[in-house]
Amino acid sequence: MLCHPNSVDVDNNVASVYIGGMDDTRAGQAPTNETVIITGGTSGIGRATAVALAESGSRIILAVRNQEKGQAMAATLPGTPGTHRVLPLDLARLETVPDFADRIDEPIAILVNNAGVESKDLQRTADGHELQFGTNHLGHFLLTTLLLPHITDRVVTVASQAERMARLDLDDLDWHRRPYQASRAYADSKLANLLFTSELDRRLQTSGSRVRALAAHPGLVKTAIYDRPAGQRPNLWDRLVPILGQEPEDGALPSLLAASADLPGGTFVGPQRMMHMRGGAEVISQSKQARNPETAARLWSISERMTAAGTRP
């Protein structure tokens, strides 16, 4: 069970204690002896999230593309050997999502939709969708909807304040007609994460479910998502990250707060400082477009159609 925090703010000292496995009522308490699924949990923010939750006593299921890397990561997680599982999942190949869901035969306390990609060129998933939208949103959309019967507490989706720069075109989500803008496509995928969270939580409440949907913004973090191929010209973010970026353990704090604190569904959690780009975790605001229920409902319907090929009759 989750404890009821006295405050939803987490400073760096509290957070470091929490990651170290010691509970603090302000940070909340992760489920003990319950199962958590994390996508993209072998590196960066996902790895830090997995370690912290495992230290709290959670059983982790790592949903990964690289099984060998996943097994190596699972072997380092706190807990009795054999406690944690590694299952194959490639969010850019929708056919792998039902296969993953079929292997889940136990209650899942928390699903952490953490995995994400960023691309500087127009690339497409195996199903023909724009890579960033297809992976960051559509893959997680299908995964969540298939796993919902197993989820008992909450869904946490890693979004970003980049959503404020989005201009989501619901008639051309895969960039077939528009000139491609990589940064805009990434921002669109993060706005989609927030709209999905909002509509998911609305549907859960309407159905009378106790499950909640929340979102987390990690801030500016030094992770592999900013790595560039040799010879590719760095952009502004590439130059700023090494200077201003925080470590993955700090970037995981919003996800951990969203996963553990007694917060209402639909909450967006992000860093406390430097315009919500660094340090600690607290509830932050969303853009007006992210709070539009009509857009959220329409995106949900479109997403159902776009992921239909990844479902089975």
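## Salt bridges around E106

E106 forms a salt bridge with R59, with the closest N and O atoms 2.6 Å apart, where a salt bridge is a side-chain nitrogen of Lys or Arg within 4 Å of a carboxyl oxygen of Asp or Glu. This pair links distant parts of the chain, since E106 lies in the loop between α4 (96-102) and β4 (108-113) while R59 belongs to strand β2, 47 residues apart. The model is a predicted one, in which local features need pLDDT of at least 70 and side-chain atom pairs count only at pLDDT 80 or more, whereas totals for chains, interfaces and linings use all residues. Residues are numbered from 1 along each chain as its sequence is written, and side-chain values use heavy atoms, with hydrogens and water left out.

E106 also meets R85 through its side chain, in a salt bridge of 3.3 Å from N to O. R85 lies in strand β3 (residues 85-88) and E106 in the loop between α4 and β4, so this pair ties together parts that are 21 residues apart in sequence. E106 is buried, with a relative accessible area of 17%, while R59 counts as partly exposed at 22% relative accessibility; buried means under 20% relative accessible area, exposed over 50%, and partly exposed in between, with a 1.4 Å probe and protein chains only.

## Other charged pairs

By the salt-bridge rule, the count comes to 12 salt bridges. Among them, the side chains of R93 and E95 meet at 3.6 Å, N to O, and R93 is partly exposed, with a relative accessible area of 36%. Salt bridges that share partners also join D153, R154, R212 and D262 into one network.

## The sheet and its helices

An open sheet of mixed pairing is formed by 8 strands in the order β3-β2-β1-β4-β5-β6-β7-β8; two strands pair if DSSP finds at least two bridges between them, and the elements themselves are DSSP runs numbered from the N terminus, helices being H or I with at least four residues and strands E with at least two. β3 and β8 (282-283) stand at the edges, each with a single partner strand, so one side of each is left without a neighbour in the sheet. Within the sheet, strand β6 (residues 212-216) and strand β7 (residues 268-270) pair in the parallel sense over 2 bridges, and A216 stands opposite V269 in β7.

Helix α5 (residues 131-147) packs on the sheet and touches β1 (35-39), β4 and β5 (151-158), its direction making about 175° with that of β4. Helix α6 (residues 182-207) likewise packs on the sheet, touching β4, β5, β6 and β7, and its direction makes about 160° with that of β6. Contact here means heavy atoms within 4.5 Å, and the axes are lines fitted to C-alpha atoms, for helices over the stretch in contact, with angles running from 0 to 180 degrees between N-to-C directions.

Helix α9 (residues 253-260) is mostly covered, with 8 of its 8 residues buried. A259 has its place in this helix and is buried, with a relative accessible area of 0%. The C-alpha atoms of A259 and L111 are separated by 8.8 Å, although the two residues are 148 residues apart along the chain.

S56, in the loop between α2 (44-55) and β2 (59-64), counts as buried at 15% relative accessibility. A polar atom of the S56 side chain lies 2.6 Å from the backbone oxygen of L53.

Note on methods: Polar contact = N/O pair within 3.5 Å; in protein donor to acceptor, adjacent residues only side chain to side chain.
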